[in-house]
Amino acid sequence: MAAFITANGRLGSNPTTRTTASGKVVCNGSLAVTDASNTDETLWLKVTAWERQAEALGRYRSGDSLAVVGKLAMNSYTTKAGEERRELQITVDQIVGARPKPRRADDERDRAKSRPAPADAGAPFNDEILF
C-alpha cells in the first residue's frame, strides 16, 4: 500500500540527474517544507523522479519553489558511524504549480533590450522651461 502526498516547498540543493546502467534517467534532490503557521520547523523530504519527471526536476535549482505529487515512503539506513537514521522520501509522479526560474546569465540584459527606450533617450538635457 502506498501513501500519496502533495508537498509544496523549496529545493534545498541543486538536484542531481544521472542515467542508470539500464538507461533510465533518475533525479534526486531535497525539498524543505515549512508549515505556514510555524515557520520555525522545517520538514526535509528526499525527492526522487524518474524519466520525464526526472528531466523536469533537473531544471530546478536550489531555492526554487516546487510542488510535487507522489508516493511517500519512510526509508531507514545506518550511517558510517553506526547510527540508525530514517528519512521521508517522495517518488515523484507529477510536478505541479511551479516553474523553474530561468538560469541564463544574460536574462537581465535580454529583458533590458526588450523594454522600449524613453522617447528622449540620448537627447541632450535642456533645463529651460518653455511656456
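**Salt bridges.** I started with Asp93 and Lys71, whose side chains meet in a salt bridge at 3.1 Å, N to O. The term means a side-chain nitrogen of Lys or Arg within 4 Å of a carboxyl oxygen of Asp or Glu. This pair links distant parts of the chain, with Asp93 in strand β6 and Lys71 in strand β5, 22 residues apart. Helices (H or I, at least four residues) and strands (E, at least two) are DSSP runs, numbered from the N terminus.

Before going on, I noted that this is a predicted model, where local features need pLDDT of at least 70, side-chain atom pairs count only at pLDDT 80 or more, and totals for chains, interfaces and linings use all residues. Residues are numbered from 1 along each chain as its sequence is written, and side-chain values use heavy atoms, with hydrogens and water left out.

The cut-offs are under 20% for buried and over 50% for exposed, with partly exposed in between (1.4 Å probe, protein chains only).

How many salt bridges does the structure hold? I get 2. Arg85 and Glu83 form one as well, with their closest N and O atoms 2.7 Å apart. Arg85 is partly exposed at 40%, and Glu83 is partly exposed at 39%.

**Gln89.** Next I looked at Gln89 in strand β6, residues 84-96. Gln89 counts as buried because its relative accessibility is 18%. Its side chain makes a polar contact with the side chain of Thr48 at 2.6 Å, and another of 2.5 Å joins it to the side chain of Asn75. A polar contact is a pair of N or O atoms within 3.5 Å; within protein, one must be able to donate a hydrogen and the other to accept it, and residues adjacent in sequence count only if both atoms are side-chain atoms. Leaving out residues up to four places away in sequence, Gln89 touches Lys71 too, one of several contacts (heavy atoms within 4.5 Å).

Val47 touches Leu31, Leu57, Val68 and Val92, among others beyond four places in sequence.

**Gln53.** This residue sits in helix α1 and is partly exposed at 22% relative accessibility. Gln53 and Ile95 are 42 residues apart in sequence, yet 7.2 Å apart in space, C-alpha to C-alpha.

**Strand β3.** Last stop. I found 8 of the 11 residues of β3 buried, so this strand is largely enclosed by the rest of the structure. β1 pairs with β3 in the antiparallel sense over 2 bridges; two strands pair if DSSP finds at least two bridges between them. Arg10 has Ala32 in β3 as its bridge partner. Strand β2 (residues 16-19) also pairs with β3 in the antiparallel sense, over 4 bridges, and Arg18 stands opposite Val26. β2 and β3 form a hairpin with 5 residues between them, and Gly23 in the turn has a positive phi of about 95 degrees.
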